[in-house]
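Have the coordinates open and try each task before reading its solution.

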Amino acid sequence: MGTAARHRGASTLLAAGLLLALAPLAAAQPWPLCGTTGGNYTAKSTYQSNLAQLATAIPANASRQGTLFAAGSAGSIPDTVYALALCRGDTNASACGSCVATAFQDAQQLCAYNKDAAIYYDACYLRFSNLDFLASGSNGSPAMLMNTQSVSSPLRAFEAAVAALLNATADYAAANSSRRFATGEEGFDSSNPTIYGLTQCTPDMSPADCRSCLASIIAMAPRFKGSQGGRVIGMRCNFRYEVYSFFSGEPSLRLQAPSTPAPAPSPTPVNVRPTATPPGRSRNKTGIAAAIAMPIVAAVLAISTVCLCFLWRRRRPAREQTLSYSSNAEDIESIDSLLLDISTLRAATDNFAESNRLGEGGFGAVYKGVLPDGQEIAVKRLSQSSGQGIQELKNELVLVAKLQHKNLVRLVGVCLQEHEKLLVYEYMANRSIDTILFDPEKSKELDWGKRDKIINGIARGLQYLHEDSQLKIIHRDLKASNVLLDSDYTPKISDFGLARLFGGDQSREITSRVVGTYGYMSPEYAMRGHYSIKSDVFSFGVLILEILTGRRSSSSFNFEQSVDLLSLVWEHWTTGTTVEIMDPSLRGKAPAELMLKCVHIGLLCVQDNPVDRPMMSTVNVMLSSGTVSLQAPLKPVFFIPKSGYYSTISESYPTASQSTGNGKSGAMSPNEVSITELEPR
């Protein structure tokens, strides 16, 4: 497979494979898709200049033309930029222009220096590229976004009603609206009384082309499998349906509730000759039979219920072990388009040469490589004995491919050939935080400006995972070795292999398999298996204190010093001597009031009661504001393993860096990089 073909496959995955849980959100929430087909541009380049021209012209045209649509190009080959923007038909002109202008800004931030990017909002969507996608009129690879709530009605009946509504609105949009936009509502049943739908094409399409485009994406609706809502968004047409009214104004059309088929009559018994029985005897026999049968039936039902509950409780751990991050078959199948040839990766890493090894983890080694197009990569090579199977690996890939944020590591591809399981990520020039932070010499590179940037970047990445992405992600193993630094010291959170995917309003769960790293694990998780987004907040608090003090949270687990990092910081906090335990390279070279503020926030994050810990959105407000008043933190309660040493739990597999109480240890590695590893290196 050539480089261009691989890139086309990756781009297709990011588009067609985008099946996200959605909820009613403000238009400020974007769903970005960063393509890999066009390469990157540089700051102050001709391409960026042309893009800036379109960023001014397209929003103005979309709001001025009255069609809520604009498309155009700027510059000449090879620096031509093509762009298309479409606003939802019930959006006013001013709001449309504002949404498209914001889209240009967000796309350039979330897909930094990427020549090909698309971004979706509730009110508008935008794509720009160095490829002329305008000439073909193609709908591209549509993105799918799914409501996590399921309907209570029979699935087939609901799907039929949705199809009828969408097709009716599609007919109207194509034939009766110059804006190629229509909305509709349809009565259904008592549990889901009304279904609301919307269809739209770009207004430059002919009625026939519009209807054909909508038909192709409406055919994808059954993939939502009974979800209460869903949408498919292509470059040229889109649809959405929900069981609540999500559009403005009166619907373009109303459909009658579908008729409910009468129940089939009971079959007439064949070859049975009824015998005459006196009425009295009949009633007596019926009463006797009922008196005998009812207790027996009740007893059987009670016994069956008890047995089922017992079996369910017995099988619960097994079910939890096989819990998928995504149950959608299309998500798993779409991973195939991200596959890379093993010959390419062997050549990129010089056949996994020892000189290219970046680190060693519990599930295998990480190697640096260079693809034929010059892109630097980090290849995570899972060991043959790795407990991470193909299904778990695909789960991780589905999860990572769905998440797009400047503070999250980007997946490049995967290889599953010749019994190898290889994950390929963007290479981070400065590797993981711990390789610099805990090195006495290298830590001097991290002045206050860089540390402040790292703290704020991690906080923004976590807020995206917890609150802003359409998936609610709990990382469960946030630590210094799982935060990578690019050449500008921008932090990127890695390792979603332990993350749990939630939909709807779920926010906490209890697990019988505690996975994570002592020193970063919250007390309720380490001791009782209770985890939530507040478990990640605890880990973030520990990270803040490590970044400020330059001390490992694990380093105090030794016989010479029995006080853990949190207790040490708390002791100095209460005595007013916090500056004394700051990293020596920061003392006298950083604003003391800002360092103390960060320590204060860190202590708020590691409070014992999860309810007392702030949400990450609140943390970001506290970090960015100089006027917010911080409440006094409560004393942290830290969980110290009885064995007295630092370790990582990863189901039942041994780790590469786990030591034993007798001083014997496995092969300790320098932990030079952390690329979605389940264990410390």
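**Exercise 1.** Classify Cys415 as buried or exposed.

*Solution.* The model is a predicted one. Start with the relative accessibility of Cys415, which is 0%. Buried means under 20%, so Cys415 counts as buried. Cys605 also has a relative accessible area of 0% and is therefore buried.

**Exercise 2.** Find the disulfide partner of Cys87 and work out the handedness of the bond.

*Solution.* Next, list its contacts beyond four places in sequence, which include Leu68, Val100, Gln200 and Cys96. Cys96 is the partner, with an S to S distance of 2.1 Å. That passes the cut-off of 2.5 Å for a disulfide. Finally, take the torsion about the S-S bond of Cys87 and Cys96: it is about 85 degrees, so the disulfide is right-handed. Both Cys87 and Cys96 are buried.

**Exercise 3.** Determine the handedness of the disulfide between Cys99 and Cys124, then say which elements the pair links.

*Solution.* The sulfur atoms of Cys99 and Cys124 are 2.0 Å apart. The torsion about their S-S bond is about -80 degrees, so this disulfide is left-handed. The pair links distant parts of the chain, with Cys99 in helix 3 (residues 93-110) and Cys124 in strand 6 (residues 124-129). Cys99 counts as buried at 9% relative accessibility, and Cys124 does at 3%.

**Exercise 4.** Count the disulfides and give their pattern along the chain.

*Solution.* The count comes to 5 disulfides. Numbering the bonded cysteines along the chain gives the pattern 1-5, 2-3, 4-6, 7-8, 9-10.

Notes:
Residues numbered from 1 in each chain as written. Predicted model: local features only at pLDDT ≥ 70, side-chain atom pairs only at ≥ 80, totals over all residues. Heavy atoms only, no water. Contact = heavy atoms within 4.5 Å. Buried < 20%, exposed > 50% of the residue type's maximum accessible area, 1.4 Å probe, protein only. Helix = DSSP H or I, 4+ residues; strand = E, 2+ residues; numbered from the N terminus.
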